[in-house]
Amino acid sequence: MAEPLPTCYLNGRLLPLQEARISPLDRSFLFGDGVYEVIAVRHGRAKRLVGNLRRLEHSLNELRILNPHSPGQWSEIVARLIEANGGGDIYVYLQVSRGAEFGRNHAPLPQIEPTVFGFCAPLAPPTAQSLERGVECITAMDTRWARCDIKSVALLANVLLRQLAVEASASEVILLRDGLLTEASASSVYVVAGGRISTPPNSSQLLPGTTRALLEELADEEGIARHVDDITEVELRCADEVWLSAATRGVVAVTSIDGQPVGDGRPGPLWRRMYNLIEAYWAA
């Protein structure tokens, strides 16, 4: 991952990231009691910000954390971070914790002032190798908690799952629960068969991806067939194409799962079409 950019946001002001300080009694540190968002910025524009803020609102509501800002105020914070860090192709990370109280109390009451933090980092462009050859993935049992629709900072299960991929020299770990595909450790997953894109339904078992929403919009505009339904492990392994998507990586072709080729082992034609559509969207 690229090093973060120098200017961050903390509780109302911009300051050098290396000077930012948060209380060790902050509940995000003690309990993982907070949520976050990752916002893609291309050519200095956060074109999917409305969806990000809607998902942030959902996460805050589900944890019963007071949203400290209106959509307009959040948009201003994001714009300030983008400008202060030079724009271009970056991502903005926002985090809201329930805040800090003097002590360690499991119960989230009384109401305290949330801690709001944000920073930026460069978006790494896809490598020539990943565009030409795709990426390798492994599979694992989905061991995460029961509310994956909440973008919680408590990501230990995701970290341990991603470590499996690192140890296997793979790009990602694709997750299965009770024989069904959910998502990957930090990505949405798509299965293509017979020219149709399939995705699991949004539920408490997976995060509703903002890049997934963009992909679905573009597919509908272009008349590309897509389907939302449960996807079995067999369907995953027998797919013509498999893709990953995330705010920080766009859409990527998976060409190997657990050492076995996906389709003919090369990025497929429908992935190439979708990749080009997404690039055109960001350039417009």
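User: Where does Asp258 lie?

Analyst: Asp258 sits in the loop between β13 (250–257) and β14 (260–261). Helices (H or I, at least four residues) and strands (E, at least two) are DSSP runs, numbered from the N terminus. The model is predicted: local features need pLDDT of at least 70, side-chain atom pairs count only at pLDDT 80 or more, and totals for chains, interfaces and linings use all residues. Residues are numbered from 1 along each chain as its sequence is written, and side-chain values use heavy atoms, with hydrogens and water left out.

User: Why is Asp258 called partly exposed?

Analyst: Buried means under 20% relative accessible area, exposed over 50%, and partly exposed in between (1.4 Å probe, protein chains only). Asp258 has a relative accessible area of 34%, so it counts as partly exposed. Its phi is positive, about 55°, although Asp258 is not a glycine.

User: What makes His43 partly exposed, and where is its place?

Analyst: Its relative accessibility is 45%, so His43 counts as partly exposed. His43 is in the loop between β3 and α2. Phi of His43 is positive too, near 55°, in a residue other than glycine.

User: How do you know that the span of α2 agrees with its residue count?

Analyst: The expected span of a helix is 1.5 Å times one less than its number of residues. For the 15 residues of α2 that gives 21 Å, and the end C-alpha atoms are 21 Å apart, so the two agree.

User: What puts the buried residues of α2 on the same side?

Analyst: The buried residues are Leu49, Asn52, Leu53, Arg55, Leu56, Ser59, Leu60 and Leu63. They cover an arc of only 160° around the axis, so they lie on the same side of α2. The arc is that of the directions from the helix axis to the C-beta atoms. Val50 and Arg54 are exposed on the other side of α2. The buried residues of α2 pack against β3, α3, β4 and α6; contact means heavy atoms within 4.5 Å. Arg64 follows α2 with a positive phi, near 55°.

User: Why are the buried residues of α3 said to line one face?

Analyst: In α3 (residues 71–84), Trp74, Ile77, Val78, Leu81 and Ile82 are buried. Seen down the axis of α3, they fall within an arc of 135°, so they line one face of the helix. The face turned away carries the exposed Gly72 and Glu83. Cover for the buried residues of α3 includes β1 (7–10), β2 (13–16), β3 (34–41), α2 (49–63), β4 (90–97) and β5 (115–122).

User: Why is Pro68 called partly exposed, and what does it touch?

Analyst: At 23% relative accessibility, Pro68 counts as partly exposed. Pro68 is in the loop between α2 and α3. It touches Gln73, Trp74, Val96, Pro114 and Val116, not counting residues up to four places away in sequence.

User: What makes α6 roughly perpendicular to α8?

Analyst: Helix α6 (residues 210–222) and helix α8 (residues 269–283) pack at about 105°, with axes 10 Å apart. Angles of 65 to 115 degrees count as roughly perpendicular, under 35 as roughly parallel, over 145 as roughly antiparallel and the rest as oblique. That makes α6 roughly perpendicular to α8. From α6, the contact is made by Leu214, Leu215, Leu218, Ala219 and Glu222; from α8, by Arg273, Met274, Leu277, Ile278, Tyr281 and Trp282.

Terms used
Axes fitted to C-alpha atoms, helices over the stretch in contact; angles between N-to-C directions.
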